[in-house]
Structure formats: structure tokens, C-alpha cells
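Hi,

Here is the structure I promised to pass on.

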Amino acid sequence: QPRYVHHLSSSFRNRLTNLYKEHLLSHYVVLDLMSSWVSHLPPNIKFKKVIGHGLNESELASNTRLDNFWIQDLNINQNLPIEDSFVDVGLIVAGWQYLQYPEKVTIELSRIIKSNSLLIISFTNRAFWTKSPNIWVNSSDDDRIEYVKNVLSQNGWYIEKIFNERTNDRTIFGFTYSEGDPFFSILARNNKSNYLTI
């Protein structure tokens, strides 16, 4: 069933949008992989094209930032229906933790994302645990960052930057703060010379 709720705290979402402001340009073709009804993109930037992917057609159809989208279970089929070197930047938010074959997905992303372009993978310490592989469920936050980093590095991506930050949400009246979701994000740059076929 579609879930029109935010699974991430407001401070996490704001931090993510600010990160996108720093690295996404208006002439980009953006791939929002494992998306939903919201993409967290900067509201004041109109991109050349935003392509969405996910599992729930209703959620994706409600996402006003998507120019088009497709439905696909990446744990069944990892081949992405996008031509080589078509995408300027790839985004995965709170989705990596559900991938059973992240190595194959990473290789496919290397194929469709332009050489020397970015893949931004962001997540926090929450998940639907029954849907996550054991390597994610049984790891610490630092272990999960290392896991994502290692999969990317071993499949031809250059790790450019890692964010491991705490965030704070304003309380209802705005005078105090409460702890928000921790913000983890890995920026990896595509190195076509290391591209391997599945």
C-alpha cells in the first residue's frame, strides 16, 4: 500500500536538500532510484529531466518532481532500462538497505551514469528491518557506511566524500531542539575505466 508519510526527520530532509543544492545543476538529468512520493530536490531548481524508479506506482505518480518513472524490483532484476551514459547524477535515499544485490546495481549505475559524475547514497539508522539483509540489520552505523563504501570501491567508484552527521529538529514551538535522524551520505564518482559488465 502507498505510504504518504515522511520516513525521515525534517532535519535529515533539510540536510539532504542542502547537499543536493551544492552538487546538482539545472542542466542535469537526475535519476532518483528507489524513490517515492517525494524526492527532496531543491524546490527552486528546475532540472533538465528527473527520472524516478520505485515499487509503488501511486507514490511515484504523486511525485511532482518526476518527469517520468518506471516500476522495477531491483532484488529480482538489476538491469536498468536506461541507455549508457545518459544520467548526470544518481540519487538513492533510504533505499540501499533493501538491496540484496548492491554490487550488480552499482555496476549498472556505472553504465548509465556519465563518466566522472556523481552517485549520492544517503541513509539514516532506521529501516523496515524485516526487509533488510542481515549484513545491514546486524551492523553498526559505522559498519554500514563502510559496507556501502566497500561495495562502491570494489566496483569501480571513487569515494569522494562521506558525511556522518547528527541533526536536530525544532520542537513544536521552535524554542528548543530535539535530536533528529543521523545523516549519513556517501558521494562516489564514476570511473568508467573500472566499469565491469554484469
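Below is what turned up on the core, the aromatic rings and one arginine.

First, the ground rules. This is a predicted model, so local features need pLDDT of at least 70 and side-chain atom pairs count only at pLDDT 80 or more, while totals for chains, interfaces and linings use all residues. Numbering starts from 1 along each chain as its sequence is written, and side-chain values use heavy atoms, with hydrogens and water left out.

On to the inside. A nonpolar core here is a set of buried Ala, Val, Leu, Ile, Met, Phe, Trp, Tyr and Cys residues joined through side-chain atoms within 4.5 Å; buried means under 20% relative accessible area, exposed over 50%, and partly exposed in between (1.4 Å probe, protein chains only). The largest such core has 30 residues, and Leu31, Leu33, Trp96, Leu109, Val148 and Leu152 have the most contacts inside it. Among the elements giving two or more residues to it are β1 (29-33), α3 (102-112) and β9 (183-190), but the largest share, five residues, comes from α5. Helices (H or I, at least four residues) and strands (E, at least two) are DSSP runs, numbered from the N terminus. Another core, of 22 residues, lies apart from this one and includes Tyr20, Leu41, Phe47 and Leu118.

Beyond its neighbours within four places in sequence, leucine 109 is in contact (heavy atoms within 4.5 Å) with Leu31, Leu33, Leu80, Ile92, Leu119, Trp157 and Asn190.

Now the rings. Rings of Phe, Tyr and Trp (its six-membered ring) pair if their centres lie within 6.5 Å, with planes under 30 degrees apart called stacked, over 60 edge-to-face and the rest tilted. That gives six aromatic pairs. One is phenylalanine 123 with phenylalanine 184, tilted, at 5.6 Å centre to centre and 50° between the planes. Phenylalanine 123 is in strand β5 and phenylalanine 184 in strand β9, so the pair ties together parts 61 residues apart in sequence.

Last, arginine 144, found in helix α5. Is arginine 144 buried or exposed? It is buried, with a relative accessible area of 7%. Not counting residues up to four places away in sequence, arginine 144 touches Phe123, Asn125, Trp129, Trp136, Val137 and Ser139. Asparagine 125 is 19 residues from arginine 144 in sequence and 9.2 Å from it in space, C-alpha to C-alpha.

Cheers
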